[in-house]
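I opened the model to look up a few features. My notes follow the viewer.

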Amino acid sequence: MKKFIPFLNASAFALGLGFALSSCGGGGGHATSQSPGAYSSATGLEYNEEGAFEVSDFRGQPEGPNLRFIEGGRVILGSFEEDIMHTNNNLERTVTVASFYMDETEVANIHWLEYLHFVRLDSSVAFYKSALPDTTVWSRDLAYNDPYVDHYLRYPGFRFFPVVGVTWKQAQDYCNWRSIVVNQKLAEDAGYYEDYDGGGAEAEAASPNQRIPLETGFVLPNYRLPTEAEWEYAAQALIGTQWLDENHTHRRLYPWDGHALRNPYGKKIGTFMANFKRGRGDYAGIAGKLNDGAMITTYIYDYPPNDFGLYNMAGNVNEWVQDVYRPLSYQDFDDLNPVRNDGFLDEEDGYDAANFNSLISNRVRVFKGGSWADVAYWMSPGTRRFLEEDSATSTIGFRCAMIRAGTNY
(Lines give C-alpha, C1' and ligand atoms only; values in the text may rest on other atoms or scores of the structure.)
Protein backbone atom coordinates (compact mmCIF):
# COMPACT_ATOMS: atom_id res chain seq x y z
CA MET A 1 0.00 0.00 0.00
CA LYS A 2 2.87 2.34 0.83
CA LYS A 3 4.30 1.74 -2.66
CA PHE A 4 0.92 2.48 -4.24
CA ILE A 5 0.43 5.89 -2.59
CA PRO A 6 3.46 7.52 -4.28
CA PHE A 7 2.11 6.19 -7.58
CA LEU A 8 -1.27 7.83 -6.91
CA ASN A 9 0.47 11.04 -5.92
CA ALA A 10 2.60 10.98 -9.06
CA SER A 11 -0.46 10.27 -11.20
CA ALA A 12 -2.40 13.04 -9.51
CA PHE A 13 0.50 15.40 -10.08
CA ALA A 14 0.72 14.45 -13.76
CA LEU A 15 -3.03 14.74 -14.17
CA GLY A 16 -3.05 18.07 -12.38
CA LEU A 17 -0.21 19.28 -14.58
CA GLY A 18 -2.18 18.13 -17.61
CA PHE A 19 -5.25 20.01 -16.40
CA ALA A 20 -3.17 23.10 -15.75
CA LEU A 21 -1.63 23.04 -19.20
CA SER A 22 -4.99 22.18 -20.73
CA SER A 23 -6.92 24.93 -19.00
CA CYS A 24 -4.35 27.64 -19.34
CA GLY A 25 -3.66 26.92 -23.01
CA GLY A 26 -0.06 27.91 -22.39
CA GLY A 27 -0.98 31.45 -21.30
CA GLY A 28 -3.61 31.38 -18.56
CA GLY A 29 -7.42 31.22 -18.53
CA HIS A 30 -10.02 28.48 -19.03
CA ALA A 31 -10.38 26.07 -21.91
CA THR A 32 -12.21 27.51 -24.92
CA SER A 33 -13.55 26.27 -28.24
CA GLN A 34 -10.38 27.35 -29.98
CA SER A 35 -8.05 26.23 -27.15
CA PRO A 36 -9.67 23.14 -25.58
CA GLY A 37 -6.39 21.86 -24.20
CA ALA A 38 -4.87 18.39 -24.42
CA TYR A 39 -7.01 16.75 -21.71
CA SER A 40 -10.73 16.56 -21.05
CA SER A 41 -11.78 18.90 -18.27
CA ALA A 42 -14.54 16.39 -17.35
CA THR A 43 -12.67 13.06 -17.34
CA GLY A 44 -8.99 13.95 -17.44
CA LEU A 45 -8.50 11.66 -20.46
CA GLU A 46 -6.12 12.84 -23.14
CA TYR A 47 -7.53 13.92 -26.48
CA ASN A 48 -6.37 12.73 -29.91
CA GLU A 49 -4.44 9.67 -28.76
CA GLU A 50 -5.01 6.36 -30.53
CA GLY A 51 -8.55 5.25 -29.77
CA ALA A 52 -9.24 8.44 -27.79
CA PHE A 53 -11.79 11.15 -28.44
CA GLU A 54 -10.65 13.35 -31.33
CA VAL A 55 -10.81 17.12 -30.97
CA SER A 56 -10.05 18.98 -34.19
CA ASP A 57 -8.31 22.31 -34.50
CA PHE A 58 -10.80 25.16 -34.68
CA ARG A 59 -10.12 28.77 -35.57
CA GLY A 60 -13.68 30.04 -35.78
CA GLN A 61 -16.28 29.81 -38.51
CA PRO A 62 -14.59 30.11 -41.92
CA GLU A 63 -15.53 32.98 -44.20
CA GLY A 64 -18.04 31.92 -46.83
CA PRO A 65 -17.81 33.33 -50.36
CA ASN A 66 -19.74 36.57 -50.88
CA LEU A 67 -21.05 36.67 -47.30
CA ARG A 68 -21.24 39.71 -45.05
CA PHE A 69 -21.51 39.50 -41.28
CA ILE A 70 -24.76 40.94 -39.92
CA GLU A 71 -24.48 41.68 -36.20
CA GLY A 72 -27.77 40.84 -34.52
CA GLY A 73 -29.74 42.80 -31.96
CA ARG A 74 -33.07 44.27 -31.00
CA VAL A 75 -35.13 45.81 -33.78
CA ILE A 76 -38.62 47.09 -34.49
CA LEU A 77 -39.96 45.23 -37.49
CA GLY A 78 -42.94 46.40 -39.49
CA SER A 79 -43.91 48.85 -42.17
CA PHE A 80 -43.24 52.53 -41.50
CA GLU A 81 -44.88 53.46 -44.81
CA GLU A 82 -48.49 54.52 -45.13
CA ASP A 83 -50.49 51.35 -45.73
CA ILE A 84 -51.87 52.38 -49.10
CA MET A 85 -52.91 48.79 -49.89
CA HIS A 86 -54.88 48.55 -46.61
CA THR A 87 -53.45 45.09 -45.94
CA ASN A 88 -52.45 45.73 -42.30
CA ASN A 89 -50.12 42.75 -42.65
CA ASN A 90 -46.94 44.05 -41.04
CA LEU A 91 -47.68 46.12 -37.95
CA GLU A 92 -44.75 47.21 -35.79
CA ARG A 93 -43.40 44.87 -33.10
CA THR A 94 -40.11 44.51 -31.24
CA VAL A 95 -38.01 41.37 -31.73
CA THR A 96 -34.41 40.26 -31.42
CA VAL A 97 -32.56 38.78 -34.38
CA ALA A 98 -29.39 36.73 -33.80
CA SER A 99 -26.23 37.48 -35.75
CA PHE A 100 -25.98 35.82 -39.14
CA TYR A 101 -24.38 36.13 -42.56
CA MET A 102 -25.98 37.29 -45.80
CA ASP A 103 -24.82 37.54 -49.41
CA GLU A 104 -23.67 41.05 -50.15
CA THR A 105 -25.34 40.81 -53.58
CA GLU A 106 -28.21 39.05 -55.25
CA VAL A 107 -27.37 35.73 -56.89
CA ALA A 108 -26.36 36.60 -60.46
CA ASN A 109 -26.82 34.92 -63.84
CA ILE A 110 -23.20 33.71 -63.88
CA HIS A 111 -23.71 32.02 -60.51
CA TRP A 112 -26.81 30.22 -61.80
CA LEU A 113 -25.04 29.14 -65.01
CA GLU A 114 -22.24 27.71 -62.85
CA TYR A 115 -24.89 25.79 -60.91
CA LEU A 116 -26.44 24.48 -64.13
CA HIS A 117 -23.01 23.35 -65.35
CA PHE A 118 -22.44 21.11 -62.34
CA VAL A 119 -26.04 19.91 -62.21
CA ARG A 120 -25.71 18.74 -65.80
CA LEU A 121 -22.51 16.84 -64.92
CA ASP A 122 -23.76 14.90 -61.91
CA SER A 123 -27.57 14.95 -61.89
CA SER A 124 -30.38 13.46 -63.92
CA VAL A 125 -31.74 15.07 -67.05
CA ALA A 126 -35.04 15.60 -65.25
CA PHE A 127 -33.40 17.52 -62.41
CA TYR A 128 -31.34 19.60 -64.84
CA LYS A 129 -34.50 20.64 -66.64
CA SER A 130 -36.16 21.45 -63.33
CA ALA A 131 -33.24 23.78 -62.50
CA LEU A 132 -33.59 25.88 -65.64
CA PRO A 133 -35.00 29.38 -65.00
CA ASP A 134 -38.17 30.28 -66.82
CA THR A 135 -36.86 32.79 -69.35
CA THR A 136 -40.35 33.31 -70.76
CA VAL A 137 -41.10 35.50 -67.73
CA TRP A 138 -39.84 38.36 -69.89
CA SER A 139 -42.41 37.73 -72.59
CA ARG A 140 -45.36 40.11 -72.90
CA ASP A 141 -48.21 40.07 -75.39
CA LEU A 142 -48.04 43.82 -75.92
CA ALA A 143 -44.30 44.42 -75.50
CA TYR A 144 -41.19 43.55 -77.51
CA ASN A 145 -39.20 41.86 -74.75
CA ASP A 146 -38.16 38.92 -76.91
CA PRO A 147 -34.42 39.76 -76.73
CA TYR A 148 -34.49 39.28 -72.95
CA VAL A 149 -36.12 35.86 -73.34
CA ASP A 150 -33.18 34.65 -75.42
CA HIS A 151 -30.29 36.71 -74.06
CA TYR A 152 -30.80 37.77 -70.44
CA LEU A 153 -29.67 34.55 -68.76
CA ARG A 154 -26.81 33.50 -71.06
CA TYR A 155 -25.41 36.54 -72.89
CA PRO A 156 -22.04 37.52 -71.29
CA GLY A 157 -23.10 41.15 -70.97
CA PHE A 158 -25.69 40.10 -68.38
CA ARG A 159 -23.36 37.88 -66.34
CA PHE A 160 -23.52 39.95 -63.18
CA PHE A 161 -27.15 40.91 -63.39
CA PRO A 162 -29.49 39.19 -60.89
CA VAL A 163 -30.93 35.87 -62.01
CA VAL A 164 -34.71 36.00 -62.39
CA GLY A 165 -37.35 33.50 -63.47
CA VAL A 166 -36.48 31.25 -60.53
CA THR A 167 -39.07 29.86 -58.15
CA TRP A 168 -38.78 29.66 -54.38
CA LYS A 169 -38.24 25.91 -54.73
CA GLN A 170 -35.43 26.40 -57.25
CA ALA A 171 -33.79 28.92 -54.92
CA GLN A 172 -33.90 26.32 -52.13
CA ASP A 173 -32.23 23.74 -54.39
CA TYR A 174 -29.50 26.24 -55.24
CA CYS A 175 -28.83 26.89 -51.54
CA ASN A 176 -28.47 23.15 -50.91
CA TRP A 177 -26.08 22.70 -53.85
CA ARG A 178 -24.00 25.71 -52.83
CA SER A 179 -23.64 24.35 -49.29
CA ILE A 180 -22.26 21.07 -50.65
CA VAL A 181 -19.74 22.49 -53.12
CA VAL A 182 -18.43 25.21 -50.80
CA ASN A 183 -17.83 22.70 -48.01
CA GLN A 184 -16.19 20.23 -50.41
CA LYS A 185 -13.79 23.00 -51.43
CA LEU A 186 -13.04 23.80 -47.78
CA ALA A 187 -12.46 20.08 -47.12
CA GLU A 188 -10.05 19.82 -50.04
CA ASP A 189 -8.14 22.89 -48.87
CA ALA A 190 -7.87 21.35 -45.39
CA GLY A 191 -6.55 18.05 -46.81
CA TYR A 192 -9.54 16.16 -45.43
CA TYR A 193 -9.82 13.71 -48.32
CA GLU A 194 -6.06 13.12 -48.57
CA ASP A 195 -6.00 11.50 -45.12
CA TYR A 196 -8.17 8.61 -46.31
CA ASP A 197 -6.64 7.62 -49.65
CA GLY A 198 -5.94 4.12 -48.36
CA GLY A 199 -9.55 3.00 -48.62
CA GLY A 200 -11.75 1.23 -46.10
CA ALA A 201 -14.72 2.38 -44.05
CA GLU A 202 -13.07 5.66 -43.00
CA ALA A 203 -12.26 6.50 -46.60
CA GLU A 204 -15.88 5.83 -47.61
CA ALA A 205 -17.10 8.11 -44.81
CA ALA A 206 -14.73 10.83 -45.98
CA SER A 207 -15.57 10.60 -49.68
CA PRO A 208 -16.83 13.76 -51.46
CA ASN A 209 -20.28 12.16 -51.71
CA GLN A 210 -20.68 11.97 -47.93
CA ARG A 211 -21.57 14.71 -45.49
CA ILE A 212 -18.52 16.30 -43.88
CA PRO A 213 -18.87 16.16 -40.07
CA LEU A 214 -19.38 19.50 -38.35
CA GLU A 215 -16.87 18.38 -35.73
CA THR A 216 -14.02 18.86 -38.22
CA GLY A 217 -14.26 22.59 -37.58
CA PHE A 218 -13.53 23.71 -41.14
CA VAL A 219 -16.96 23.39 -42.72
CA LEU A 220 -19.67 26.01 -42.93
CA PRO A 221 -23.29 25.76 -41.85
CA ASN A 222 -25.75 25.44 -44.72
CA TYR A 223 -26.57 28.27 -47.07
CA ARG A 224 -30.30 28.99 -47.05
CA LEU A 225 -32.84 31.68 -47.78
CA PRO A 226 -33.02 34.38 -45.09
CA THR A 227 -36.06 34.53 -42.87
CA GLU A 228 -38.32 37.53 -43.37
CA ALA A 229 -37.14 38.97 -40.04
CA GLU A 230 -33.47 38.55 -41.00
CA TRP A 231 -34.03 40.13 -44.39
CA GLU A 232 -35.91 43.11 -42.98
CA TYR A 233 -33.35 43.59 -40.21
CA ALA A 234 -30.45 43.48 -42.68
CA ALA A 235 -32.20 45.90 -45.05
CA GLN A 236 -32.78 48.50 -42.32
CA ALA A 237 -29.09 48.36 -41.31
CA LEU A 238 -29.73 50.53 -38.26
CA ILE A 239 -26.19 49.86 -37.08
CA GLY A 240 -25.41 52.99 -39.08
CA THR A 241 -27.65 55.11 -36.82
CA GLN A 242 -26.39 53.80 -33.46
CA TRP A 243 -25.34 56.57 -31.08
CA LEU A 244 -24.40 56.75 -27.41
CA ASP A 245 -24.81 53.21 -26.15
CA GLU A 246 -28.25 51.79 -27.08
CA ASN A 247 -29.73 54.73 -28.91
CA HIS A 248 -30.55 55.12 -32.57
CA THR A 249 -30.54 58.67 -33.82
CA HIS A 250 -33.42 57.97 -36.23
CA ARG A 251 -35.41 55.30 -38.03
CA ARG A 252 -35.22 54.52 -41.73
CA LEU A 253 -37.91 54.40 -44.35
CA TYR A 254 -35.48 52.87 -46.88
CA PRO A 255 -32.11 51.12 -46.47
CA TRP A 256 -30.49 54.58 -46.43
CA ASP A 257 -31.02 57.76 -44.39
CA GLY A 258 -33.79 60.23 -45.03
CA HIS A 259 -37.17 60.04 -46.71
CA ALA A 260 -35.90 60.87 -50.20
CA LEU A 261 -34.92 58.55 -53.05
CA ARG A 262 -31.97 60.61 -54.25
CA ASN A 263 -28.41 60.75 -52.93
CA PRO A 264 -27.97 63.92 -50.84
CA TYR A 265 -24.16 63.76 -50.64
CA GLY A 266 -21.01 64.37 -52.67
CA LYS A 267 -20.48 63.92 -56.40
CA LYS A 268 -23.50 61.63 -56.66
CA ILE A 269 -25.87 64.21 -55.24
CA GLY A 270 -29.26 64.08 -56.93
CA THR A 271 -28.86 60.58 -58.35
CA PHE A 272 -31.26 57.84 -57.36
CA MET A 273 -30.22 55.37 -54.67
CA ALA A 274 -31.93 52.34 -56.23
CA ASN A 275 -33.30 50.85 -59.43
CA PHE A 276 -37.07 51.23 -59.46
CA LYS A 277 -39.96 52.47 -61.59
CA ARG A 278 -40.30 56.22 -61.18
CA GLY A 279 -43.85 56.42 -62.44
CA ARG A 280 -46.17 55.21 -65.14
CA GLY A 281 -44.10 54.53 -68.22
CA ASP A 282 -40.92 55.95 -66.63
CA TYR A 283 -38.31 53.26 -65.89
CA ALA A 284 -35.06 55.22 -66.22
CA GLY A 285 -35.48 58.89 -67.05
CA ILE A 286 -34.67 60.61 -70.35
CA ALA A 287 -31.84 60.12 -72.84
CA GLY A 288 -28.78 62.09 -71.82
CA LYS A 289 -29.78 61.83 -68.16
CA LEU A 290 -30.80 58.24 -67.45
CA ASN A 291 -30.91 58.85 -63.75
CA ASP A 292 -31.31 55.38 -62.26
CA GLY A 293 -29.57 54.00 -65.34
CA ALA A 294 -31.64 50.85 -65.80
CA MET A 295 -34.82 50.10 -67.70
CA ILE A 296 -34.77 46.50 -66.43
CA THR A 297 -32.43 44.95 -63.86
CA THR A 298 -28.91 46.25 -63.39
CA TYR A 299 -25.40 45.25 -62.26
CA ILE A 300 -25.53 43.62 -58.81
CA TYR A 301 -22.97 46.10 -57.44
CA ASP A 302 -24.75 49.21 -58.70
CA TYR A 303 -25.79 51.80 -56.13
CA PRO A 304 -24.16 52.33 -52.74
CA PRO A 305 -24.35 49.45 -50.22
CA ASN A 306 -26.18 49.92 -46.95
CA ASP A 307 -24.43 50.10 -43.58
CA PHE A 308 -24.06 46.31 -43.42
CA GLY A 309 -22.33 46.35 -46.82
CA LEU A 310 -25.28 44.84 -48.69
CA TYR A 311 -26.07 45.96 -52.24
CA ASN A 312 -29.54 46.48 -53.71
CA MET A 313 -31.58 45.70 -50.62
CA ALA A 314 -34.09 48.06 -52.22
CA GLY A 315 -35.00 47.85 -55.89
CA ASN A 316 -33.40 45.94 -58.77
CA VAL A 317 -35.23 42.67 -57.96
CA ASN A 318 -37.54 41.55 -55.20
CA GLU A 319 -36.08 38.71 -53.15
CA TRP A 320 -37.54 35.44 -51.91
CA VAL A 321 -37.40 34.81 -48.16
CA GLN A 322 -38.01 31.65 -46.17
CA ASP A 323 -41.41 32.45 -44.69
CA VAL A 324 -44.84 31.17 -45.57
CA TYR A 325 -47.13 34.18 -46.01
CA ARG A 326 -49.82 34.99 -43.49
CA PRO A 327 -51.42 38.42 -43.09
CA LEU A 328 -51.19 38.07 -39.29
CA SER A 329 -47.53 37.05 -39.06
CA TYR A 330 -46.93 40.19 -36.99
CA GLN A 331 -49.44 38.91 -34.42
CA ASP A 332 -48.43 35.24 -34.14
CA PHE A 333 -44.68 35.31 -33.65
CA ASP A 334 -41.80 34.44 -31.36
CA ASP A 335 -39.88 37.54 -30.33
CA LEU A 336 -36.48 35.84 -30.76
CA ASN A 337 -35.57 34.93 -34.35
CA PRO A 338 -39.17 34.88 -35.61
CA VAL A 339 -40.09 32.85 -38.71
CA ARG A 340 -43.24 31.28 -40.10
CA ASN A 341 -42.51 27.88 -41.65
CA ASP A 342 -46.10 26.65 -41.89
CA GLY A 343 -49.67 27.39 -40.87
CA PHE A 344 -49.16 27.02 -37.11
CA LEU A 345 -51.87 29.05 -35.28
CA ASP A 346 -53.14 30.25 -38.65
CA GLU A 347 -53.99 27.20 -40.75
CA GLU A 348 -54.66 27.43 -44.45
CA ASP A 349 -58.12 25.88 -44.00
CA GLY A 350 -59.32 29.22 -42.68
CA TYR A 351 -58.61 30.92 -46.00
CA ASP A 352 -60.50 28.54 -48.32
CA ALA A 353 -57.94 28.66 -51.11
CA ALA A 354 -59.31 25.36 -52.43
CA ASN A 355 -62.51 27.14 -53.51
CA PHE A 356 -60.60 30.16 -54.80
CA ASN A 357 -61.94 32.44 -52.08
CA SER A 358 -58.36 33.29 -51.14
CA LEU A 359 -54.85 33.03 -52.55
CA ILE A 360 -53.33 32.24 -49.13
CA SER A 361 -52.10 28.69 -48.48
CA ASN A 362 -49.03 26.90 -47.14
CA ARG A 363 -47.53 27.10 -50.62
CA VAL A 364 -47.27 30.87 -50.86
CA ARG A 365 -44.01 32.52 -49.84
CA VAL A 366 -43.05 36.08 -48.96
CA PHE A 367 -40.92 38.24 -51.22
CA LYS A 368 -39.57 41.68 -50.32
CA GLY A 369 -37.53 44.65 -51.47
CA GLY A 370 -39.15 46.11 -54.57
CA SER A 371 -37.84 45.77 -58.12
CA TRP A 372 -37.01 47.56 -61.34
CA ALA A 373 -40.72 47.39 -62.24
CA ASP A 374 -42.08 48.57 -58.86
CA VAL A 375 -42.76 52.05 -57.56
CA ALA A 376 -40.83 53.33 -54.55
CA TYR A 377 -43.47 52.24 -52.03
CA TRP A 378 -42.32 48.61 -52.27
CA MET A 379 -38.68 49.47 -51.52
CA SER A 380 -39.43 50.11 -47.85
CA PRO A 381 -38.12 47.03 -45.95
CA GLY A 382 -41.38 46.56 -44.04
CA THR A 383 -43.58 46.07 -47.11
CA ARG A 384 -44.32 42.47 -48.08
CA ARG A 385 -46.02 40.50 -50.82
CA PHE A 386 -46.45 36.83 -51.64
CA LEU A 387 -46.42 34.37 -54.53
CA GLU A 388 -46.80 30.64 -55.02
CA GLU A 389 -43.51 28.86 -54.24
CA ASP A 390 -43.46 27.20 -57.67
CA SER A 391 -44.06 30.45 -59.59
CA ALA A 392 -41.50 32.82 -61.08
CA THR A 393 -41.42 36.34 -62.51
CA SER A 394 -38.94 38.72 -64.13
CA THR A 395 -38.93 40.83 -60.96
CA ILE A 396 -38.00 38.26 -58.27
CA GLY A 397 -34.53 36.94 -57.49
CA PHE A 398 -32.86 36.00 -54.21
CA ARG A 399 -29.75 36.02 -52.06
CA CYS A 400 -28.53 33.44 -49.54
CA ALA A 401 -28.02 33.64 -45.78
CA MET A 402 -26.26 31.53 -43.16
CA ILE A 403 -26.29 31.25 -39.37
CA ARG A 404 -23.32 32.39 -37.34
CA ALA A 405 -22.50 29.18 -35.49
CA GLY A 406 -20.91 28.91 -32.05
CA THR A 407 -21.98 32.27 -30.66
CA ASN A 408 -24.71 33.38 -28.28
CA TYR A 409 -25.54 36.64 -30.06
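I began with helix α7 (residues 228–236) and found nine of its nine residues buried, so it is largely enclosed by the rest of the structure. Buried here means under 20% relative accessible area, exposed over 50% and partly exposed in between, with a 1.4 Å probe and protein chains only. Helices (H or I, at least four residues) and strands (E, at least two) are DSSP runs, numbered from the N terminus. E228, E230, E232 and Q236 are among the buried residues of α7. After α7 comes A237, with a positive phi near 50 degrees.

I noted the basis of the values: this is a predicted model, in which local features need pLDDT of at least 70 and side-chain atom pairs count only at pLDDT 80 or more, while totals for chains, interfaces and linings use all residues. Residues are numbered from 1 along each chain as its sequence is written, and side-chain values use heavy atoms, with hydrogens and water left out.

Last, I checked the open sheet of four strands, ordered β9-β8-β7-β10 with mixed pairing. Two strands pair if DSSP finds at least two bridges between them. β7 (residues 318–324) and β8 (residues 364–368) run antiparallel, joined by three bridges.
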